[in-house]
Amino acid sequence: MSEDVQAPVIALRDVSRVYGEGEAAVRALRGVDLTIGRGEFVAIMGPSGSGKSTAMNIIGALDTPTGGSYRFLGADVGGFDRNQRALLRRDYLGFVFQGFNLLARTPAVENVELPLIYKGVGRAERRERAINTLKRVGLGHRLDKEPSQLSGGEQQRVAIARAIASEPEVLLADEPTGNLDTARSVEIMKLISRLNDEEGLTVIMVTHEPDMAEYAKRIVQFKDGLIEADAPNDTIRKPDMEQPDVR
Amino acid sequence: MFAETVRQALQAILRNAMRSFLTILGVIIGVAAVITMVTIGRGSSDKIEADVSKLGTNLLIIRRGAGMGPPSAGRSAPSFTLKDVEAIKAQIPGVLAAAPSNTSSVTLIYGNENHQTTVTGTDNDFLIARDWDIALGREFFSSEVSGGKTVCILGATARRKLFGGGDPVDQTLRTEKFSCKVIGVLEAKGASSFGQDQDDTVLMPIKAFMRRIAGDQDVSSIYVAARPGASTDKVKSDIDALLRERRRIEPGEEDNFSVMDTKEIASMLTSVTGVMTGLLSAVAGVSLLVGGIGIMNIMLVSVTERTREIGIRLAIGATERQVLTQFLVEAIVLSLIGGLIGIGLGLVLGYVGSNYMRIPFSPDWTITIIAFVFSAFIGIVFGFFPARRAARLDPIEALRHE
């Protein structure tokens with residue numbers, strides 16, 4: 001992919017996504033404009049059916065828009081085929097899911113190695129990078145544990161390590177704290193904030209929990225397939241701040 | 001990258017060791033069956049060739065009926081007579097010995113022992129033609145042959161069954177209809193082709209056989225030995241001409257008897273084992289095919305079961321080709337493991353079977369390599385469809401899959 005470093009990381013222009021045809025057609029996105037620059041931390045919020053998941057899938061190159069344009073570092077993702085989208089995900093994007101989505105019966109370190117395997121990184125270097133990445137998320141002591149031997153918070157850390165192991169441009173997090181209790185959620189949000197602050201990683205996070213969105217620097221509200229509001233977060237919290245008030 | 005894919009495939013296979021084993025059971029059985037059949041078939045052929053070459057290159061066997069079919073095929077053709085045997089011996093220069101041979105299954109009784117065996121009615125020429133020595137006692141006196149006296153020469157097995165370690169010479173055996181004095185014992189010859197025990201036999205003069213057992217004057221086959229140095233082909237064609245004349249076969253009419261030399265006997269016998277081996281291998285091949293379908297079935301189940309995993313792999317950047325390769329390699333590695341186990345098992349079974357049947361262990365390495373390559377081929381063919389299905393999954397759908 002030819003990238004343009006001057007261009008915004010993500011630029012959606014009048015993006016629409018229609019499922020089905022004719023009478024039964026569902027218009028999940030109805031002309032969305034969204035530009036996200038390098039180093040931003042954006043929370044995407046909105047009720048279910050608002051189009052936020054569809055937007056996330058399109059940004060993540062898992063889905064393609066039916067209208068409008070999507071440029072990633074200046075490259076027109078709309079014209080990408082399946083293979084090019086796979087390479088975009090491999091080289092520029094890291095995914096974190098609500099359900100962790102780690103490979104079962106596979107040690108943490110091997111889960112983290114996975115994207116590096118697909119990138120063709122050699123065995124020794126791969127292992128070293130995976131270990132270093134797990135240390136970055138504070139799991140240097142749990143390398144050989146399989147997902148079933150890890151707590152939910154630890155599993156999500158492994159997932160984050162896997163997402164950032166290949167040094168992606170953007171971290172895409174889809175309800176990363178949805179399956180965690182409050183204390184664990186806070187830990188995960190602090191970790192993501194730290195990656196954003198200290199390493200300049202661009203983060204886009206879908207959440208419906210306002211407490212979690214508080215960690216973002218910018219909040220985008222979706223409603224009925226359109227962006228309803230897009231504003232900086234006034235009360236930016238740092239990872240080292242007190243825990244937010246949670247009930 | 002490829003070594004990496006194979007390593008991952010092995011991991012995935014070992015993660016589900018039990019299921020993997022059951023998956024490849026069909027391939028294991030198929031390959032093992034093919035290898036066993038071919039090994040035993042080849043051993044039998046080798047054994048037959050060795051046996052027949054032991055008969056000597058100068059032996060001819062004359063049988064009723066044209067061609068080389070089973071003995072029953074000759075039933076309709078007229079049998080030979082003792083005069084035919086005499087004529088062959090007297091009129092054809094290259095003939096060293098010509099012996100009539102009629103056989104029948106008879107139960108012999110001695111003391112408390114009774115034993116069912118094959119009784120052959122013949123004369124001393126039979127011993128020359130078959131190159132068979134007397135171990136104990138003597139052969140027939142000519143008076144016994146011409147007078148049709150009921151005297152017997154025992155094969156080694158018949159002797160052991162009836163007399164154990166005792167000396168049978170001059171003892172009298174009984175059958176339902178007559179009794180028979182033992183005059184000698186034959187050298188042990190061992191098992192023939194098809195594992196038949198040649199020593200389980202009893203010889204008696206042909207005329208005694210005709211009177212006491214057969215009840216007619218027919219001779220069913222004739223054993224002829226050519227003189228050393230005489231051309232077997234010449235003797236063969238002489239016999240052919242003589243018998244055509246004696247049996248009044250018009251020129252142009254087909255023979256109603258056959259004269260076979262040892263080479264023909266060998267090829268007849270090996271062609272039978274060849275057909276058997278081919279047939280059994282074909283059945284085994286079908287089970288290989290079924291084994292392949294088993295692999296496809298399990299791979300399809302595996303793809304469905306691992307839909308989520310595939311979704312994860314696709315989401316983190318695996319290309320379609322990489323996922324396809326992963327599942328294809330998994331199927332190939334699986335069926336190759338099955339092929340290897342099958343080859344090992346087949347060789348072991350072939351070895352055990354060969355020992356049991358007392359034939360040489362003679363594995364066919366070409367077939368072994370073919371079986372190995374074929375099992376890889378099965379992996380490719382039956383792994384491709386499930387692998388393609390995995391590679392073409394929609395990552396969003398796959399990730400949603402529970």
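A nonpolar core is a set of buried Ala, Val, Leu, Ile, Met, Phe, Trp, Tyr and Cys residues joined through C-beta atoms within 7 Å. A residue is buried if 20 or more other C-beta atoms, placed from the backbone, lie within 10 Å of its own. This is a predicted model, in which local features need pLDDT of at least 70, side-chain atom pairs count only at pLDDT 80 or more, and totals for chains, interfaces and linings use all residues. Residues are numbered from 1 along each chain as its sequence is written, and chains are lettered from A in the order in which they are written.

The largest nonpolar core has 123 residues, of which I44(A), L171(A) and V34(B) touch the most other members. Helix α2 of chain B (residues 17-54) supplies the largest share of this core, twelve residues. Another core, of 50 residues, lies apart from it and includes V85(B) and L162(B).

Between the chains, 19 residues of chain A are in contact with 16 residues of chain B; contact means that C-beta atoms, placed from the backbone, lie within 7 Å. On the side of chain A that touches chain B, α2(A) gives the most, with six residues.

|---|---|---|
| α3(B) | 82-91 | D84(B), A87(B), I88(B), Q91(B) |
| α8(B) | 232-246 | I239(B), L242(B), L243(B), R246(B) |

By class, this contact of α3(B) with α8(B) has five nonpolar, one polar and two charged residues; Asp, Glu, Lys and Arg count as charged, Ala, Val, Leu, Ile, Met, Phe, Trp, Tyr, Cys and Pro as nonpolar, and the others as polar.

How values were computed
Contact = placed C-beta atoms within 7 Å. Helix = DSSP H or I, 4+ residues; strand = E, 2+ residues; numbered from the N terminus. Buried ≥ 20, exposed ≤ 12 C-beta atoms within 10 Å, placed from the backbone. Axes fitted to C-alpha atoms, helices over the stretch in contact; angles between N-to-C directions.
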